[in-house]
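Subject: A structure for you to look at

Hi there,

Here is the structure I promised to pass on. Please open it next to this email and follow along as you read.

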Amino acid sequence: LAVRTNNDEQDEALLAGITTGDRRAFEQLVSGHLDSIHSYLYRMTGSRADAEDLAQEAFFRVWRKAATYQPGRVKVSTWIHTIAHNLCVDMFRRHRESPTDGFPEQPDESTDPARVASDREQQRLLETAIQRLPDNQRSALLLCQVRGFSNAQAADILGINTRALESLLARARGALRSGLFANGEESE
Amino acid sequence: MSNMDPGTFDLSTFGENLDRYGIDMDRWPPELRTQAAGLLETSEAARRMYDQAMQLTTLLSQLPEKAAAPGLGSRIVTGVPPQAWSGVVEWFTAALWRPALAAALTLAFGFALGVYQQQPLDEDLADELSLLAFSPAFEEPDYDE
């Protein structure tokens, strides 16, 4: 079960402020969640430009729909990710294409300059393998293993039940494991 | 999956469950946990598979955040319309449309009922009533007497 933290209460207070037109509250909410939302969208779409457009639209919707948020049903972060995920799905539906050519843009060298080359290579392989997953497996994996949502929260975001989410996770992890460690997968 | 015969818990079943429930064995169904622990003790391949899953989990947790471009946050904040207007629109569409619809339906129903019940008088009956109203035979009784 989701445990409410001070951050959750603060987020709910910010949303309440947004319903009254408090731009300062909106600014705080954006600054608290933008990187997480952007990162999720970037890994889902494989494009910084798409991620920025979708993140912008997601927060516009947060601004417009703040009054419809139901405290206690889901956390604010879950709610915002749901909005972002739905926008992403809509975009995939429109384009009917999913990025499969690996990560097209420059890796973030600035994050950890001391990272050794082999780690970078492994990470690049992982990024590519993630991009090659089907959309629903990729979103399940990113939400649970990268963004740290519980299975129940991720299932909420994706609009599926927990068992279905576990199946998506199983297939995603299996694909990554066999993709990254193919040579070590011998039976006894 | 969790009601399986202990004899069928082989390496591939272990792998399937490892992918489904993850490396934290506490999150596995208890009956599978015991079998998995047994297999991990006896099978080198199972241990290797578990190590790979651990490595994958670590790699995923270390993926760098794809931070938003520096100006994006302020573009978003300055790009939203005044809440007063969008708030009213949103409030109306989200909260007020149901009671407004109920009121409109009630009004329409009342109007329709009123129109339906306002039948034109039968012509003969109208003549009869006007004759009766203006007839000299009909006089107001004098209540003073």
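Predicted model: local features only at pLDDT ≥ 70, side-chain atom pairs only at ≥ 80, totals over all residues.

Residues are numbered from 1 along each chain as its sequence is written, chains are lettered from A and ligands numbered from 1 in the order in which they are written, and side-chain values use heavy atoms, with hydrogens and water left out.

**Chain A as a whole**

Chain A has 8 helices and 0 strands; helices (H or I, at least four residues) and strands (E, at least two) are DSSP runs, numbered from the N terminus. Along the sequence the pattern reads α-α-α-α-α-α-α-α. Of its 188 residues, 50% count as buried. Buried means under 20% relative accessible area, exposed means over 50%, and partly exposed lies in between (1.4 Å probe, protein chains only). Taking contacts in chain A between residues at least 6 apart in sequence, 66% join residues at least 24 apart, where contact means heavy atoms within 4.5 Å.

**Helices 3 and 4 of chain A**

Helix 3 and helix 4 of chain A pack at an angle of about 130 degrees, and their axes are 9 Å apart. Axes are lines fitted to C-alpha atoms, for helices over the stretch in contact, and angles run from 0 to 180 degrees between N-to-C directions. The two helices are therefore oblique to each other; under 35 degrees counts as roughly parallel, over 145 as roughly antiparallel, 65 to 115 as roughly perpendicular and the rest as oblique. Their crossing is right-handed, a term for the near helix being turned clockwise from the far one by less than a right angle, with anticlockwise giving left-handed. Residues in the contact include A:Leu54 and A:Phe59 of helix 3 of chain A, and A:Trp79 and A:Ile83 of helix 4 of chain A. By class, the contact has 11 nonpolar, no polar and 4 charged residues. Here Ala, Val, Leu, Ile, Met, Phe, Trp, Tyr, Cys and Pro count as nonpolar, Asp, Glu, Lys and Arg as charged, and the others, Gly among them, as polar.

In the loop between these two helices you will find A:Lys75, which is partly exposed at 21% relative accessibility. The C-alpha atoms of A:Lys75 and A:Glu9 are 9.1 Å apart, although 66 residues separate them along the chain.

**Helix 6 of chain A**

Helix 6 of chain A (residues 135-146) has 12 residues and reaches 15 Å from first C-alpha to last, close to the 16 Å expected; the expected span is 1.5 Å times one less than the number of residues. Because 10 of its 12 residues are buried, helix 6 of chain A is largely enclosed by the rest of the structure. Among the buried ones are A:Leu141, A:Leu142 and A:Leu143. Just after this helix, A:Gly148 takes a positive phi of about 80 degrees.

**Over to chain B**

Helix 2 (residues 30-42) and helix 3 (residues 44-61) of chain B pack at about 110 degrees, with axes 5 Å apart, which makes them roughly perpendicular. Their crossing is left-handed.

Helix 3 of chain B also holds B:Leu59, which is buried at 8% relative accessible area. Apart from neighbours within four places in sequence, B:Leu59 is in contact with A:Gln122, A:Leu126 and A:Leu180.

Happy exploring!
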